[in-house]
Amino acid sequence: MKILIIVVMACVAVTWARPESTYTDKWDNINVDEILESNRLLKGYVDCLLGKGRCTPDGKALKETLPDALEHECVKCTGKQKSGADKVIRHLVNKRPDLWKELAVKYDPDNIYQARYKDKID
């Protein structure tokens, strides 16, 4: 779940998985801080991930990539994606626990990923 958000916002930069070793770096330079500071932008991405709202192209790519990234510990993530995901997770856990809980219910209902990535959350 941590990686979910890691991939979620940081990987707002993530799109389609390449057959090679990493996800595309097409959106690695997205300003994650800008998204986290804007309630409208953040809520838009969360709503996309939850299936409650429309998805931007990068949001759609994130939604498609997130399950794989969570399951495989973000092994295909670039360094920027991992860093961004860490930032997003910490932000959601500490400042937007309401959104974090909604995402956890959908992407980690059995607490598998939250347990696996506990060090990223604390």
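Author: Cys55 has a relative accessible area of 33% in this predicted model, so Cys55 is partly exposed. Its disulfide partner is Cys48, with the two sulfur atoms 2.0 Å apart. Cys48 counts as buried because its relative accessibility is 2%. The torsion about the S-S bond of Cys48 and Cys55 is about 105°, and the disulfide is therefore right-handed.

Cys48 belongs to helix α3, where it is one of the buried residues. Others on that list include Leu42, Tyr45, Val46 and Leu49. The helix covers residues 39-50, and its twelve residues should span 16 Å at 1.5 Å a residue; the end C-alpha atoms are 16 Å apart, so the two values agree. Just after α3 comes Gly51, which takes a positive phi of about 75°.

The count of disulfides is two. Besides the bond already described, Cys74 is joined to Cys77, with an S to S distance of 1.7 Å. Here the torsion about the S-S bond is about -90°, so this disulfide is left-handed. Cys74 counts as buried because its relative accessibility is 1%. Cys77 has a relative accessible area of 5%, so Cys77 is buried too. With bonded cysteines counted along the chain, the pattern is 1-2, 3-4.

Asp28 lies in the loop between α1 and α2. Asp28 is buried but has no salt bridge, and the nearest side chain of opposite charge, Lys80, is 6.0 Å away.

How values were computed: Residues numbered from 1 in each chain as written. Predicted model: local features only at pLDDT ≥ 70, side-chain atom pairs only at ≥ 80, totals over all residues. Heavy atoms only, no water. Helix = DSSP H or I, 4+ residues; strand = E, 2+ residues; numbered from the N terminus. Buried < 20%, exposed > 50% of the residue type's maximum accessible area, 1.4 Å probe, protein only. Lys, Arg positive; Asp, Glu negative; His and termini not counted. Salt bridge = Lys/Arg side-chain N within 4 Å of Asp/Glu carboxyl O. Expected span 1.5 Å × (residues − 1). Disulfide = S-S within 2.5 Å.
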